[in-house]
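Let's take a walk through a protein fold together, one piece at a time.

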Amino acid sequence: MAKKRPQTKAAKAQVTSGEIPVVGAREPCPCGSGRRYKACHGRAAAHAVTELVQRPFEGLPGECDWVALRELVPAATVPLSLKDGLPEGVPSVTLATVLPMAWPALRRDDGSVLLALQNDSTSGDLARDLADTLQRALEAEPGTPVAGRRVPAEGPRLQDLLDPNGDFAPVVHSGFEFWIPETADNSDPEVSASLERANAAAIPTVKLTGVDAAYWCETPEKNHLRWVMPHPEEKLLDALARLHAAGTSSLGENTRLVGSFRAHGLMVPVWDLPTSMGAEECEKPAAEFAERLAAALASDAPLTPEERRARGGLTNRQVTLS
């Protein structure tokens, strides 16, 4: 058996972990240890990439709306409040569902910051990715977008940067005109064409006012209500099964609960609606359903055979988005 070759000492002085740049997995670690990056400081980076945080928005005000804006709503904005206040020269920070050219963030000419929510995550923790982008946007030169990058393994999360007592009040837009400041010149044909394409692809969406995190949307064949709920999945499935078996899971005539999404650790029940049923017509039935659901959630009685069958059907009609 061949002898194990002794590890060669690094010729240069080691640097602190905070200064270690990201390199190829098989390249020598920049810290000077003599080991490959993947066997040294790359371990932490790899762990950060593969470790999935199931509920990245947990603990933030409006967790359900964060999920909805990430997965369901085409065009929306939300003013954000920072825990330590706005830095000098930054008049506002606004969360947006998406930005032009899929930019992760944009520092506008006036110093304000737009942070995009619907971008790819480079790690398993979306809250850490967004926090890294936000920090870089706050320091970017006015008038410049912020590019994506691999996020450091030990950086802050949104929960560390945002005011835990701040409001989270989404404003749903019919299009993406919010990309362009009111004082900007809108005569650029390239910008106009980009806006036209984005607006044409956006599904008309309205946030209900009477219940939390419920969004009506219009599609060519039928309308839908998609409602992000904060309850534990198993408990919510039991409650929905009780209502479904009792024939009270719909939102009125010609509507039906068709299944649910799973997204960022939460469930999103979905109803099919007739094309004649708009967002305003959903308000009263949704509020009444919320009362029925609260009663079903409070029940600890074992499920009946019919309720178990209903639960199985609902479980089979789940689609995982994230």
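This is a predicted model: local features need pLDDT of at least 70, side-chain atom pairs count only at pLDDT 80 or more; totals for chains, interfaces and linings use all residues.

Start with a pair of helices: α6 passes α7 in a right-handed crossing. Right-handed here says that the near helix is turned clockwise from the far one by less than a right angle, and left-handed is the anticlockwise case. Helices (DSSP runs of H or I, at least four residues) and strands (runs of E, at least two) are numbered from the N terminus. Residues are numbered from 1 along each chain as its sequence is written, and side-chain values use heavy atoms, with hydrogens and water left out.

Back to our pair. Helix α6 covers residues 233-245 and helix α7 residues 279-298; they pack at an angle of about 115 degrees, with axes 9 Å apart. The axes are lines fitted to C-alpha atoms, for helices over the stretch in contact, and angles run from 0 to 180 degrees between N-to-C directions. Which residues of α6 and α7 meet? From α6 come Lys235, Leu236, Ala239, Leu240, Arg242 and Leu243, and from α7 come Phe289, Arg292, Leu293, Ala296 and Leu297. Contact, by the way, means heavy atoms within 4.5 Å. Sorted by class, this contact has 8 nonpolar, no polar and 3 charged residues. For that sorting, Ala, Val, Leu, Ile, Met, Phe, Trp, Tyr, Cys and Pro count as nonpolar, Asp, Glu, Lys and Arg as charged, and the others, Gly among them, as polar.

6 strands form an open sheet in the order β7-β8-β9-β11-β10-β12, with mixed pairing. Two strands pair if DSSP finds at least two bridges between them. At the edges stand β7 (205-207) and β12 (318-320), each with a single partner strand, so one side of each is left without a neighbour in the sheet. From one strand to the next, the twist averages 25 degrees. Within this sheet, β8 (residues 214-218) and β9 (residues 223-227) pair in the antiparallel sense over 5 bridges, and glutamate 218 stands opposite asparagine 223 in β9. Helix α7 packs on the sheet by touching β7, β8, β9 and β11, and its direction makes about 40 degrees with that of β9.

**Around strand β2**

Next, find β2, residues 93-96. Val93 and Leu95 point one way from this strand, Thr94 and Ala96 point the other way, and all are buried. Buried means under 20% relative accessible area, exposed over 50%, and partly exposed in between (1.4 Å probe, protein chains only). What joins β2 to β1? Strand β1 (residues 76-79) runs antiparallel to β2 and is joined to it by 3 bridges; valine 78 stands opposite leucine 95, and threonine 77 stands opposite alanine 96. Strand β4 (residues 113-116) runs parallel to β2, with 4 bridges, and leucine 114 in β4 is the bridge partner of threonine 94. Strand β1 also has 2 bridges to β6 (residues 171-172), again antiparallel.

**What sits inside**

In soluble globular proteins, nonpolar side chains tend to be buried together. Here the largest nonpolar core has 42 residues, and Trp66, Leu134 and Val228 have the most contacts inside it. Such a core is a set of buried Ala, Val, Leu, Ile, Met, Phe, Trp, Tyr and Cys residues joined through side-chain atoms within 4.5 Å. Its largest share, 7 residues, comes from α3. A second, separate core of 28 residues includes Leu208, Leu225, Ala286 and Leu297. As for α2, 8 of its 9 residues are buried, so this helix is largely enclosed by the rest of the structure.

Most residues other than glycine have a negative phi. Methionine 101, however, has a positive phi of about 60 degrees; this residue lies in the loop between β2 and β3 (105-107) and is exposed, with a relative accessible area of 70%. Asparagine 254 has a positive phi of about 65 degrees, lies in the loop between α6 and β10, and counts as exposed at 62% relative accessibility.
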